[in-house]
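Colleague: Please show me how to read a few local features of a protein model, one at a time.

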Amino acid sequence: MTIRDRTAIVGVGTSRFSKAPTDTPMRLAAQAFKSALADGGVGRDEVDGLVINIGWPLGVDYDRFAEALGLRIRFADQSWTHGRFVGPTLQHAAMAVATGLARCVACVCGVSFIQERGLLGGPGDFEGTREEGGTHEENPVYGLTAPAAGAALSVQRYFALYGATSAELGAVPIAFRKHAALNPAAIMRSPLTLEDHQASRFVVEPLHLFDCCLVSDGAAVVLVTSAERARDGARRPVFIAGMQGMRAGPDEFLFATPGLGIGQQREFRYTPTEEQLSVYRMAGVTQKGRIELHGELPMNTSGGLLSEAHVSGWNSIAEIVRQLRGDCGERQVRGARVMQWATAWGDSTIFHS
């Protein structure tokens, strides 16, 4: 059985994004939820499923959210408090609808990284003290407590193996800042030059400030329902065409491709297997390249977590939906019909209009 095109996103909503504390995660999430209902023409009582990516203490928990919004939920799911579960959480929502566990599932993320900043590295980072090491592959035993530490290890190793440089990596945040400049909702819209990038402080060497995600507050909600119900919605539906799950094991390091030789990884020249690219086969599409707006494969067209806001990644799911509807104005990708969510930890979801 395949899930291809059996479910769709019928509505999306976001709160205001901010680098200063403006409201509680619950209030931010409620704003985004009401916006998503209005966007999709969905009644509150139609929502009978609820999935949460980031709960307390950074966000809201499913039971309190259902109570606060007066929802009657028959399917609930909540992941470990970590941004890596955006894809799996969305996939759980789609599977719940496809299997009849719910008619319409709200994927909710309301977070305050600003108000709980003390949890992001340092002595207050309780996740970093788990027995196996930190949640971003940082390891406090060696003094690595910042969330960027695991990524820095991978980048340093990649630079050593392939001769890449920090200046070359700088092309990525510079491209995403260009996209953010066209997005009125983005936090960071001022131009970013290579000189700015190289002059910024190191967070964990070799990663500069602008290589790292924003620390911000905000919320996003995505409503998933059946393809049939979505066709009757207020807006053009965005169908979920293909999915593949997150990877784990000795050859997996959160921010590294297999074979890079970090942690328990073996060292080898990595080429993706057919299984690791199964999302394309399920969706019936192929890959392309080049990341700026007018390239072959524009990425993070809203500015993403580097320049729009850090809502765990749900703001990027909302951007995918808006792009496929043709709602993005100056940053609209011409002829957008197929878009992909994908992460370094192996999960991916492909969408089409």
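Colleague: Where is proline 206 found?

Modeller: Proline 206 sits in the loop between strand 5 (202-204) and strand 6 (207-208). Strands here are DSSP runs of E with at least two residues, helices are runs of H or I with at least four residues, and both are numbered from the N terminus. This is a predicted model, in which local features need pLDDT of at least 70, side-chain atom pairs count only at pLDDT 80 or more, and totals for chains, interfaces and linings use all residues. Residues are numbered from 1 along each chain as its sequence is written, and side-chain values use heavy atoms, with hydrogens and water left out.

Colleague: Is the peptide bond from glutamate 205 to proline 206 cis or trans?

Modeller: That bond is cis, and its omega is near 15 degrees. The bond from tryptophan 56 to proline 57 is cis as well, with omega near 5 degrees. Proline 57 belongs to the loop between strand 2 (49-52) and helix 2.

Colleague: Is the phi of asparagine 300 positive or negative?

Modeller: Asparagine 300 has a positive phi of about 45 degrees, although this residue is not a glycine. Look for asparagine 300 in the loop between helix 9 (278-283) and helix 10 (304-307).

Colleague: What describes two packed helices?

Modeller: The angle between their axes and the distance between the axes. The axes are lines fitted to C-alpha atoms, for helices over the stretch in contact, and angles run from 0 to 180 degrees between N-to-C directions. Here, the axes of helix 1 (residues 25-40) and helix 2 (residues 62-69) come within 11 Å, crossing at roughly 60 degrees. Helix 1 and helix 2 are therefore oblique to each other; under 35 degrees counts as roughly parallel, over 145 as roughly antiparallel, 65 to 115 as roughly perpendicular and the rest as oblique.

Colleague: Which residues make the contact?

Modeller: Helix 1 supplies Met26, Ala29, Ala30, Phe33 and Lys34, while helix 2 supplies Arg64, Phe65, Ala68 and Leu69. Contact means heavy atoms within 4.5 Å.
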